[in-house]
Amino acid sequence: MSLRPAFGRQTSPPHSFLSPLPSPLPPPSPATEGGGCWSKQESEQDARAADAATPSSSSTAASDRFSARLLDGCRSVDRFRKLNRIDEGTYGVVYRARDSITGEVVALKQLKLSASKSEEGFPVSSLREVILLAKMDHPNVVCLKEVAVGNSPLHIFMVMEYAEHELKALLDKHSFAAAEVKCLMKQLLRGVSHLHSRWVIHRDLKTSNLLLTNKGVLKVADFGLSRHFGTPLRIYSKNVITMWYRAPELIMGQKQYTTDVDAWSVGCIFGEMFLRKPMFPGKSELHQLSLIYELVGVPTEETWPGHEALPNRKHFDMKLSLPRWRVVFPEAPEGMLTDMGLELMRSLLTCCPERRITAEGAEEDPYFWERPYALDPAMMPTFQDTNSTGRAEKRPAPRGGPAQTLLDNLAVARSRTALF
Ligand SMILES: Nc1ncnc2c1ncn2[C@@H]1O[C@H](COP(=O)(O)OP(=O)(O)OP(=O)(O)O)[C@@H](O)[C@H]1O
Ligand SMILES: [Mg+2]
C-alpha cells in the first residue's frame, strides 16, 4: 500500500498473502537485530514460528482476506538496509534504515502482530495507526510514506520519515531556553490542531511520542491509540493516555470526551519542557489526581460545573486547596515562565474540559506575541543524532541537578504548609 504517489511503481514483487495468518503471531524476531536487510534467514525463522502456531481455519480466513486487501501492492522491505534499532514500544519495534535505492534514511516500525486483534484478525492499534496517519498531511505530524512487507506475512513495516531525536531523550540532556520552548510549543500546537481539524484525537501525547529533527522541526508521532471522533460524541475507552498525561475528567470516569484530553496532555508537555521532568508522575489514579490538584487547586462546582456528579467523584475525596503555580514555576530570574506563559499553562491545565483552551486557540495565545519570540526552527540547536543508537544505551536514569521536579517543589511547599 503506497501512501505517497511519489514512490511510483514496485521494485520487487509484493509478498503473497494467500496463506493464512497464524494466530497468535509471535513478536518481531530478534534476528532483526544487528544490521543488514530483512533477509531470508528471518523469513525462515518466521516460517518456522508460523508452522508452530495452530490457527483455526475459520478465524484465519477473514484475517487472510483482510491482510491481502490491506497489504496488496505493498513493496518489499528488502529495499531497506537496516542501520540500527531505535526502540521497542508496545505496538512495534522501530528501526533506522536506509532506502538502498534513494539513499534516504527512514524509520521502519515493525508492527507487533501479537497485539489485540480486530474482527478481521489484524491488530487494532496498528490498523488505526496506519489508517489515521495516512490521512495526515502536516509538517508537524510524522509522515507515513508507505507500508512495506517482509518475506513472510509476519513482517509488516510502517515506513516513516526519520527524525533524529525523541523529545524525551533530548530533555534528559538539554535545557531548552524560553525562545526554544516557544518554538517547540508552537509546532506542537500546530500539529495537534491539524489532527483535531481532521477529526482525530491522538490520546497518547507525551514527550516520548514527540520527535524532533535536526532542522528543528517537531513531529507528533505514535498514533496507536488515536481515534476518529464526530458528533454526537461516542463513548470511548477511558483507559487511554499514559497516566502522567491523562486529563482529570478521564480519571474521574467521564464517559464522553473529545479533543480536550489532548489539550491537557499538551499542558503537561509544556510544563515538562521547563522542568525537564514529567509534571505529574502519579503512581496510581488517586496519586495522579492528588498531584494534579496540588498544583492547580482542588476543583469545585463553580470551577468545574458537573464535577460533583462525575462517576468516580465518591472515590476521590480531596480537601479544598489553592493552586500553587508559582511554587512550581518560579518567576524570573529564578524561573523562565513569564506571567503570559503561566496563563497559557493554566488555560491548558484547566480541570473543566469545557473551559480548557483548545490547541487551535492556544496557537493564538498572547504568550507567543511577547519577547523572546519563538525561535525559527532553522535556528534551533542541533544535537548528535540520539536515535542512531539503541534506546537503552542512550537514556540515562533521570538525575537531580538544576531541573527541579514538581515533586521536589511540592515537597518544599509541603514542609511549609500541610496541603490535605
Ligand atoms: N519516525 C521516527 N523517527 C525516529 N524515531 C522514531 C520514529 N517513530 C518512532 N520513533 C522512536 O521509536 C519509539 C517507539 O515508537 P512508537 O511510539 O511509535 O511505538 P509504540 O510501540 O507505540 O511505543 P510506546 O508503546 O512505547 O508508545 C518512539 O518513542 C521514538 O523514539
Ligand atoms: Mg510511543
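Visitor: Does Arg203 count as buried or exposed, and what decides it?

Guide: This is a predicted model, in which local features need pLDDT of at least 70, side-chain atom pairs count only at pLDDT 80 or more, and totals for chains, interfaces and linings use all residues. Residues are numbered from 1 along each chain as its sequence is written, while chains are lettered from A and ligands numbered from 1 in the order in which they are written. A residue is buried if 20 or more other C-beta atoms, placed from the backbone, lie within 10 Å of its own, exposed if 12 or fewer, and partly exposed in between. Arg203 has 24 C-beta neighbours inside 10 Å, and therefore counts as buried.

Visitor: Where is Arg203 found, and what is its phi?

Guide: Arg203 is found in the loop between strand E9 (200–201) and E10, where strands (E, at least two residues) and helices (H or I, at least four) are DSSP runs numbered from the N terminus. Although Arg203 is not a glycine, its phi is positive, at about 70°.

Visitor: Which loop holds Arg276, and what is the value of its phi?

Guide: Arg276 is found in the loop between helix H7 (260–275) and helix H8 (285–296). Arg276 is buried, because 21 other C-beta atoms lie within 10 Å. Its phi is positive, in a residue other than glycine, and is near 60°.

Visitor: Between which domains does ligand 1 lie, and why?

Guide: The domain bounds come from an automatic or database domain assignment. Both domains give residues to the shell around ligand 1, so the ligand lies between domain 1 (35–161) and domain 2 (165–419).

Visitor: Which residues come nearest to ligand 1?

Guide: A residue is near a molecule or strand if its C-beta atom, placed from the backbone, lies within 6 Å of it. Strand E3 (80–88), strand E4 (92–99), strand E5 (105–111) and strand E7 (156–161) each supply at least two residues of the shell. Of the 22 residues around ligand 1, those that come nearest are Gly89, Thr90, Ala107, Glu166 and Asp222.

Visitor: How many residues of each class does the shell around ligand 1 have?

Guide: Here Ala, Val, Leu, Ile, Met, Phe, Trp, Tyr, Cys and Pro count as nonpolar, Asp, Glu, Lys and Arg as charged, and the others, Gly among them, as polar. On that basis the shell around ligand 1 has 10 nonpolar, seven polar and five charged residues.

Visitor: Why is E7 largely enclosed, and which residue of E7 is the bridge partner of Val149?

Guide: Five of the six residues of E7 are buried, so this strand is largely enclosed by the rest of the structure. E7 pairs in the antiparallel sense with E5 over five bridges, and also with strand E6 (residues 144–149) over five bridges; two strands pair if DSSP finds at least two bridges between them. Leu108 stands opposite Val159, and a hairpin of six residues joins E6 to E7. In E7, the bridge partner of Val149 is Ile156.

Visitor: What is the strand order of the open sheet that holds E8, and which strands lie at its edges?

Guide: This open sheet has three strands in antiparallel pairing, in the order E8-E10-E11. Two bridges join E8 to strand E10 (residues 210–212), with His165 and Leu212 as bridge partners. The strands that pair on one side only, and so form the edges by the definition of pairing, are strand E8 (165–166) and strand E11 (218–220).

Visitor: Which residues does Glu129 touch outside its sequence neighbourhood?

Guide: Glu129 is found in helix H3 (residues 124–135), and is buried because it has 23 C-beta neighbours inside 10 Å. Glu129 and Asp222 are 93 residues apart in sequence and 7.3 Å apart in space, C-alpha to C-alpha. With contact taken as C-beta atoms, placed from the backbone, within 7 Å, and residues up to four places away in sequence not counted, Glu129 touches Phe223 and Gly224.

Visitor: Which residue does a cis peptide bond join to Arg371?

Guide: The residue concerned is found in the loop between helix H11 (359–363) and helix H12 (391–394). The cis bond has an omega of about -5°, and the residue it joins to Arg371 is Pro372.

Methods:
Contact = placed C-beta atoms within 7 Å.
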